[in-house]
Amino acid sequence: MSKTIIAALPDWLESGLGLAYPPLCQVCLENAAGRKAGYVCGPCTTKVSLIADPCCERCGTPFEGEVHSLTSCGHCRGVSWHIDHARAAARFSDPLSQVIHQFKYAQANYFEPFLKHLLQGVVSTVLSRENFDCVIPVPLHPLKERERGFNQSEPLAASVARQLGLPMNNRAVRRVRFTDAQAGLSRSARLRNVAGAFAPHPTASASGERVLLIDDVMTTGATLNACAKALRAAGAARVVACTVARALGGTLSLSPGA
């Protein structure tokens with residue numbers, strides 16, 4: 001029986017099946033790991049590289065060493081940001097990158113609790129002083145959502161909305177243009193690829209709202225920024241982006257005020 005099926009079963013039935021089908025970590029396939037842990041064992045979890053302060057005040061890129069004043073990184077200079085602030089739980093490296101890839105493209109929904117736990121950790125710590133009015137998942141184009149079977153950002157956003165006791169608004173902004181996959185594209189190509197890809201929904205708005213925008217991975221921030229631009233057009237007063245992972249070429253070394 002597949003772990004996808006077991007993940008949808010009640011706790012009591014899963015426990016019974018565990019006697020015949022011992023739940024294993026779906027990363028290493030060696031250690032025990034159950035549904036509540038998202039089928040990721042303790043040793044594999046410790047290999048996830050969490051992102052800690054100090055980070056860029058705008059895009060959340062981690063810095064090396066101590067930074068004693070608020071500062072932005074070289075990645076942000078010259079960028080017209082529509083996002084006020086962005087943070088991620090961990091680096092997009094193995095084993096997390098493997099988990100996210102299987103979750104998105106191989107219908108490995110049994111990893112969902114593990115990803116939700118990482119995301120909720122950032123919200124409860126780094127973003128604990130923020131006040132939001134709603135949680136919004138980055139939308140997929142209908143054709144891509146049909147192809148993939150689901151929008152991976154929606155269950156993640158729904159879990160954060162429940163955590164904060166806020167509504168999830170998945171109508172304020174929509175994806176109006178089908179785009180190529182961002183993976184493998186340069187930064188400039190990513191910006192061109194998502195330009196005009198999002199638009200405010202004609203019958204919904206985010207007027208005056210402080211939005212927490214949720215996605216699975218941030219690389220250059222092009223997709224999140226394009227979505228935030230549409231949210232601004234829909235009337236959003238503040239947009240903070242939060243992702244499970246951040247793809248990084250390495251930490252930045254920056255002296256305060258540089």
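Reader: Which residue in β7 is the bridge partner of H85?

Author: In β7, H85 has V240 as its bridge partner. The model is predicted, so local features need pLDDT of at least 70 and side-chain atom pairs count only at pLDDT 80 or more, whereas totals for chains, interfaces and linings use all residues. Residues are numbered from 1 along each chain as its sequence is written, and side-chain values use heavy atoms, with hydrogens and water left out.

Reader: What makes β2 and β7 a pair?

Author: Two strands pair if DSSP finds at least two bridges between them. Six bridges join β2 to β7 (residues 238-246), and the two run parallel. Strands here are DSSP runs (E, at least two residues), as helices are (H or I, at least four), numbered from the N terminus.

Reader: Why are β2 and β3 said to stand at the edges?

Author: The open sheet has four strands in the order β2-β7-β6-β3, with parallel pairing. β2 (85-91) and β3 (134-137) each have a single partner strand, so one side of each is left without a neighbour in the sheet. From one strand to the next, the twist averages 20°.

Reader: Why are α5 and α7 called oblique to each other?

Author: The axes of α5 (residues 112-125) and α7 (residues 153-164) cross at roughly 45° and come within 9 Å. Axes are lines fitted to C-alpha atoms, for helices over the stretch in contact, and angles run from 0 to 180 degrees between N-to-C directions. Angles under 35 degrees count as roughly parallel, over 145 as roughly antiparallel, 65 to 115 as roughly perpendicular and the rest as oblique. The pair α5 and α7 is therefore oblique.

Reader: What makes α4 oblique to α5?

Author: The axes of α4 (residues 96-105) and α5 cross at roughly 125° and come within 10 Å. By the cut-offs already given, α4 is therefore oblique to α5. The contact (heavy atoms within 4.5 Å) involves L96, V99, I100 and F103 of α4, together with E112, F114, L115 and L118 of α5.

Reader: Where does α5 pack on the sheet?

Author: α5 touches β2, β6 (210-218) and β7, and its direction makes about 135° with that of β7. α7 lies across β3, β6 and β7, at about 140° to β6.

Reader: How do you know what confidence the predictor has in the chain?

Author: The pLDDT is the predictor's confidence in each residue, from 0 to 100. The chain has a mean pLDDT of 86, and 82% of its residues reach 70 or more. Over residues 250-258 the pLDDT is below 50.
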